[in-house]
Amino acid sequence: QVPLKPGRSLMDWIRLTKSGKDLTGLKGRLIEVTENELAKHNKKEDCWICIRGFVYNVTPYMEYHPGGEDELMKAAGTDGTDLFDQVHRWVNYESMLKECLVGRMAVKPLAAPKETSSTLSEEKKQLNGVLPEKKILGASAKDLTPSYDWFQTDSLVTIVIYTKQKVMNAELVIVDCQDKQLRGEIIVDDHSYLVEVDLDHAVQEDLAVNIAEKIGKVEIILKKKDSIHWKMLGQPLEGHNTFIKCTDRGLFYRKCKLVSKTEVTHDTKLFCLMLPKSTHLRVPTGHHVYLKQIIAGTEVVKPYTPVLPFLLLDFKEQSHHDGAHIYLMIKIYSCGLFTQALDRLQIGDYISVSNPEGNFKKSQVETSEDLFLLAAGTGFTPMVKLLNFALTEASCLRTVKLIFFNKTEDDILWRNHLEQLALKDERFEVQFILSQPMKDWVGKQGKISSSLLSEFVKRSRRDSKVLICICGPTPFTEQGIQYLKDLGYSQEEIHAFTA
Ligand code: FAD
Ligand code: NAD
């Protein structure tokens, strides 16, 4: 992220797109763009980019791009799909850039067969608007492709998915059923298998998911609305029975109801969202979701990391900790576009929540002896589930330390919970460091530094296995990683939470 000039915020961009100004220079005309034509528009003052076969004139957007002009220029006059997917696949560019749409890439005849295996022709196909949706899998990968079957009784329809995986769990299965449209997704490593059908008949709102973890069988059980015999499961939808890379699958959203909103600090709130009855979704530890709202007519998407309702689960009744609710701890920025709109939501209102994303693996913790967590501000959010998991399920761990950086004492999130947890579990220790303390603060002060870290991240034994997790503002995370490397920690010992 780069600092944007005043008057160049996302809201300013939305205003510009609504102003009626001709942002493409084509007076609303859509044209077919050839590769040669696209390549000509490769300068800051005249920049076109192709994303998934659609060409945008991003010249007017340059100064508004949160990643900076140079980042955008990397794709100038070319197909920016891959670059876009790497950096911000979740940004809904269709909505953000709709006024910049120049047209579609001209579709060329398919490449000759001998060329198809080369990377070059693969790129060409994308450029010509035919993004290879299904990446062709090799023979061995094909054997791993899950399959499905279905059967019915008078009252139930059961879809059985054979994942061919020896370890399956509830976090790898995401099911939604909205208006007869059933979508069941199974995550297998970095691939996604989808059952997506328009059901033959209506079903009741609540569905059940059974997982036979050891044999990798997943059952989705639907209750028929009327007890009639179904001739077929339904009509296949676009992604039905496909097995593709997760990153090639678009984000799927469902509307969740805001059921409570409680204060955590002066500017941070805990939002409790209820998933629809017809959704099965568990957000894995260390993963985030995207929230989507329509702000001034434009879809805006931002990532948030679900937490638990509280840290010391066994101290309180386990209300709402049942998989049906998602808790988000969100700081409301006084000039924040998304968080201001979130704060205006009333209890009972709905907001769109995506499938989870992230690259953290719990197994990284399971094999560690020392776990060090470095958090700054709301960078604390991924540490919540992680702490819970570490202290309740990771039996190898001898020490778990959290070093928590904040501006002032009032900014510390869940200070009480953390201090109580440290009293309750002797493996856990917490330290608060303030960058703008009041005079009466007797604890440590300052920002992340090499000397602070060298003292904090000490192995409990000379050769103990360590995992260090870090999350906060980008400069904090980047500096932290550098200091840790300078202190001799390897890339494998460090996990940074980022988008
Ligand atoms: P904007 O309109 O984008 O910015 C307005 C002003 O707010 C800025 O000028 C700046 O002063 C301040 N501001 C905005 N964003 C940041 C930032 N990222 N760092 C520092 N200052 C900023 N936030 C949470 O509160 N809880 C979470 O659980 C959470 N999880 C996240 C997970 C991931 C993977 C990532 C990448 C970010 C996460 N964030 C989280 C940040 C969140 O996505 C938004 O960036 C944040 O809510 C601000 O959005 P906004 O539209 O209100 O602010
Ligand atoms: P903040 O502005 O309140 O700052 C908290 C502390 O961070 C400061 O006291 C300071 O110690 C440190 N810090 C801030 N800026 C720094 C800098 N430039 N260099 C070194 N240290 C710095 O923080 P906030 O407003 O709560 O922001 C939290 C950040 O965490 C946001 O940027 C958010 O996007 C990010 N976040 C990321 C994820 C994720 O990637 N998974 C999850 C949650 C939050």
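Which residue forms a salt bridge with R52? In this predicted model, the partner is D85. The closest N and O atoms of the two residues are 2.7 Å apart. The pair links distant parts of the chain. D85 sits in helix α4, which covers residues 81–88. R52 sits in the loop between strand β3 (46–51) and strand β4 (54–57). The two residues are 33 residues apart. D85 has a relative accessible area of 18%. Buried means under 20%, so D85 counts as buried. R52 has a relative accessibility of 28% and counts as partly exposed.

The structure holds 24 salt bridges. Another of them joins the side chains of D206 and K223, with a distance of 2.8 Å from N to O. D206 lies in strand β11 (residues 203–212), and K223 lies in strand β12 (residues 217–224). The pair therefore ties together parts that are 17 residues apart in sequence. D206 is partly exposed, at 28% relative accessibility. K223 is also partly exposed, with a value of 33%.

A further salt bridge is formed by R415 and E409. Here the closest N and O atoms are 2.9 Å apart. R415 counts as partly exposed at 27% relative accessibility. E409 counts as partly exposed at 30%. Elsewhere, salt bridges that share partners join K5, R8 and E63 into one network.

The next element is a β-sheet. Five strands form an open sheet with mixed pairing. Their order is β1-β5-β4-β3-β2. β1 (31–33) and β2 (42–43) stand at the edges. Each of these edge strands has a single partner strand, so one side of each is left without a neighbour in the sheet. β2 pairs with β3 in the antiparallel sense. Two bridges make up this pairing. In one bridge, K43 has D46 of β3 as its partner.

Several polar atoms lie close to oxygen atoms of the ligand. A polar side-chain atom of K302 is 2.8 Å from an oxygen atom of ligand 1. For L337, a polar backbone atom lies 2.8 Å from an oxygen atom of ligand 1. For T339, an N or O atom of the side chain is 2.6 Å from an oxygen atom of ligand 1. Taken alone, ligand 1 exposes 910 Å², and the protein buries 66% of that area.

Ligand 2 is surrounded by 21 residues. The closest are K331, Y333, T378, N406 and S435. In S435, an N or O atom of the side chain lies 2.7 Å from an oxygen atom of ligand 2. The side chain of Q479 has an N or O atom 3.4 Å from a nitrogen atom of ligand 2. At F497 the backbone takes part, with a polar atom 3.1 Å from an oxygen atom of ligand 2. Ligand 2 exposes 860 Å² when taken alone. The protein buries 76% of this area.

Two elements, β24 (399–406) and α13 (474–486), each supply at least two residues of the shell around ligand 2. The largest share comes from α13, with three residues. By residue class, the shell of ligand 2 divides into eight nonpolar, ten polar and three charged residues.

Definitions and conventions
Residues are numbered from 1 along each chain as its sequence is written. Chains are lettered from A and ligands numbered from 1 in the order in which they are written. This is a predicted model: local features need pLDDT of at least 70, side-chain atom pairs count only at pLDDT 80 or more; totals for chains, interfaces and linings use all residues. Side-chain values use heavy atoms; hydrogens and water are left out. A polar contact is a pair of N or O atoms within 3.5 Å; within protein, one must be able to donate a hydrogen and the other to accept it, and residues adjacent in sequence count only if both atoms are side-chain atoms. Accessible areas come from the Shrake-Rupley method with a 1.4 Å probe; for residues, only the protein chains shown count as cover. A salt bridge is a side-chain nitrogen of Lys or Arg within 4 Å of a carboxyl oxygen of Asp or Glu. Helices (H or I, at least four residues) and strands (E, at least two) are DSSP runs, numbered from the N terminus. Buried means under 20% relative accessible area, exposed over 50%, partly exposed in between (1.4 Å probe, protein chains only). Two strands pair if DSSP finds at least two bridges between them. A residue is near a molecule or strand if one of its heavy atoms lies within 4 Å of it. Ala, Val, Leu, Ile, Met, Phe, Trp, Tyr, Cys and Pro count as nonpolar, Asp, Glu, Lys and Arg as charged, and the others, Gly among them, as polar.
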